[in-house]
Amino acid sequence: MSEDTASVPDEAPLTLYMLHALGASARSFDRVAERLAGRVRVVAIDLPGFGSEASATQTDLSSTVAHVERTLAAHTGGPWLLGGHSMGGKVTALVASRVLRGEARLFGLAGVVLMAPSPPRPEPMDEERRERMLSWVSDGGLSDEDAATFLAQNTAEPLDDAAHAAAIDDLRRTSPAAWRAWLETGSRVDATAEVGTLDLPALVLAGEDDADLGAAAQPGLLASVYPRARFVPLADTGHLIPLERDAEAAAAIERFVDEEIRVGPVVADEWVRLIAGDRVDARVRGILARRALPDDRGYAPEVLDIAQLTLLREIADLVVPQDGPAIDIAARVDAQLARGEGDGWRNADLPTDPEAYRAGLDTLARHWPTDPADRTRVLREAIEGESSAEGAFDAAQLKVWLEDVRNDLVRQWLAHPASMARVGYDGFATGGSPMRGYVELRLGRREDWEPSNVGGTIATGDAA
């Protein structure tokens, strides 16, 4: 496909928003940000009660989630990641779940980066240690001595002087109310039902010397929440990963971005703003958010076997050729079959869709050439009912089955928000409250809310 005004390069700016740990602040990610400069733009957010937000009065978990969403609403475009360290990990899960359900008016989330994250369920914590930490703020903020004790308990080795001084300062200026809110309530909240399963790319970094939230514990805490998680253990590392292992963390993030995030098309900024706007229903926004997620490069087929999926991908390349980072539409068709979804009808000469796909692919495989130059001819012959392949399907069955295949492949491509942007389809933006529609439907005319690549002149009197 040729470049047009609805497409953007695969190296579009990528922003990683990071949420800090208990007693820390946005500046705890400064060293990671410096190492990623030029590849990933790191924007750290001070949470209510910490750093520049130390004077905030609403420091409970729901207020913190709302604060993050308000901050993210200022995102100017391009795909983005959300990440969290320790306490920030639980907030990340809550925000991400709202984005993927469409409840947050945000769009473009491509994955999450987690550092020793607190899980959606109650955080494992020794109750004696919890009470000791609460005692530190019984008469006001943390003292220098208690802050130093906290650092010693959460690091494998002493921090360098600059990192130590910054961490002590962050702990000293932490709001006692925010400290108590997390230890007494936030860390104990069970948000597993609200978060559910987040089937998106996830990087989980954890220290091998971190007792409660370390490398040994994280798979058990998060595997069911993030089925696509990449768990990376860090040796000789405690709980304060961004301060203890900034170089290793940055390297892991860069690999994660290259291998799991920059693997598909990017939705153009105008369309991102439209989908995030008030013309789109929350349910529709959630569907589009999930469709826009990067495909799983390690996808394990559920209905087809590996050989069948490989052949379907080769057919997809002929039916829907894609330039640049491509949508894995064959894998999406397999997932569609596994969910029992389809277009609502089946040719009487064919078995059920899963059976038909297996039989059709096995039949084609007997006659499928290894030379890519010959595949177009073989596929065309099968489409026209002239295939000489022998197997579970005869030529007539292969022909009608391939009608369904082509329909499924094209539908999966067109369902992606980047494809909608490419063809100029914005019919999904006719909801909201109150419901909004088109003022004028006419060739060569567009309304003032429509993205510019839709084309035409702006009609007078369009709805805002």
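Modeller: Let's start with one word we need at once: a residue is buried when its relative accessible area is under 20%. Contact is the other word, and that one means heavy atoms within 4.5 Å. Please remember too that this model is predicted.

Biologist: Which residues of helix 7 are buried, and what do they pack against?

Modeller: The buried ones are Ala 178, Trp 179, Ala 181, Trp 182 and Leu 183. They pack against helix 2, helix 3, helix 4 (127-135), helix 5 (144-154) and helix 6 (161-173).

Biologist: How much of the protein chain counts as buried?

Modeller: Of its 464 residues, 52% do. The chain has 19 helices and eight strands, and its C-alpha trace spans about 85 × 55 × 40 Å along the principal axes.

Biologist: Why is Thr 92 called buried?

Modeller: Its relative accessibility is 0%. The cut-off for buried is under 20%, so Thr 92 passes the test. Thr 92 sits in helix 3. Setting aside residues up to four places away in sequence, Thr 92 touches Leu 19, Leu 82, Gly 83, Gly 84, Val 112 and Leu 114.

Biologist: What makes a group of residues a nonpolar core?

Modeller: Its members must be buried, belong to a set list of nonpolar kinds, and be joined through side-chain atoms within 4.5 Å. The largest such core here has 100 residues. Those with the most contacts inside this core are Leu 72, Trp 179, Leu 198, Leu 205, Tyr 226, Ile 253 and Phe 428. Helix 3 gives the most to this core, with eight residues. In general, nonpolar side chains tend to be buried together in soluble globular proteins.

Biologist: What does Leu 198 contact?

Modeller: Leaving out neighbours within four places in sequence, Leu 198 is in contact with Ala 93, Ala 96, Ser 97, Leu 100, Val 225, Tyr 226 and Pro 227. There is also a second, separate core of 34 residues, which includes Val 320, Leu 337, Leu 398 and Trp 413.

Biologist: What makes a space a cavity or a pocket?

Modeller: A 1.4 Å probe fits in a cavity but cannot get out, whereas a pocket is open. The structure has three cavities of 30 Å³ or more, and the largest cavity has a volume of about 290 Å³. Its lining has 24 residues, with Pro 79, Ala 110, Pro 265, Val 266 and Ala 292 nearest the centre. By class, that lining has 16 nonpolar, four polar and four charged residues.

Biologist: What lines the second largest cavity?

Modeller: The second largest cavity has a volume of about 100 Å³. It is lined by 13 residues, and Thr 59, Asp 60, Thr 64, Met 87 and Trp 182 are closest to its centre. Helix 2 (61-72), helix 3 (87-101) and helix 7 (176-185) each give two or more residues to this lining. The largest share, three residues, comes from helix 7.

Biologist: How large is the largest pocket, and which residues lie nearest its centre?

Modeller: The largest pocket holds about 1,100 Å³ of space. Of its 34 lining residues, Asp 199, Arg 290, Arg 332, Ala 335 and Arg 339 lie nearest the centre. Helix 15 gives the most to this lining, with five residues. The lining divides into 13 nonpolar, seven polar and 14 charged residues.

Biologist: How do you know that the span of helix 16 is close to the expected one?

Modeller: The expected span is 1.5 Å times one less than the number of residues. Helix 16 has 13 residues, for which 18 Å is expected, and it reaches 18 Å from its first C-alpha to its last. The two values can be set side by side, so the description holds. The buried residues of helix 16 pack against helix 14 (306-319), helix 15 (329-339), helix 17 (372-383) and helix 18.

How values were computed: Residues are numbered from 1 along each chain as its sequence is written. This is a predicted model: local features need pLDDT of at least 70, side-chain atom pairs count only at pLDDT 80 or more; totals for chains, interfaces and linings use all residues. Side-chain values use heavy atoms; hydrogens and water are left out. On a 1 Å grid over the protein atoms alone, a cavity is a set of points where a 1.4 Å probe fits but cannot get out, and a pocket is an open set with protein on both sides within 12 Å along at least five of seven lines; lining residues have an atom within 4 Å of a point. Grid points are joined across faces, edges and corners, and a volume is the space filled by probe spheres set on the points. Ala, Val, Leu, Ile, Met, Phe, Trp, Tyr, Cys and Pro count as nonpolar, Asp, Glu, Lys and Arg as charged, and the others, Gly among them, as polar. Helices (H or I, at least four residues) and strands (E, at least two) are DSSP runs, numbered from the N terminus. Buried means under 20% relative accessible area, exposed over 50%, partly exposed in between (1.4 Å probe, protein chains only).
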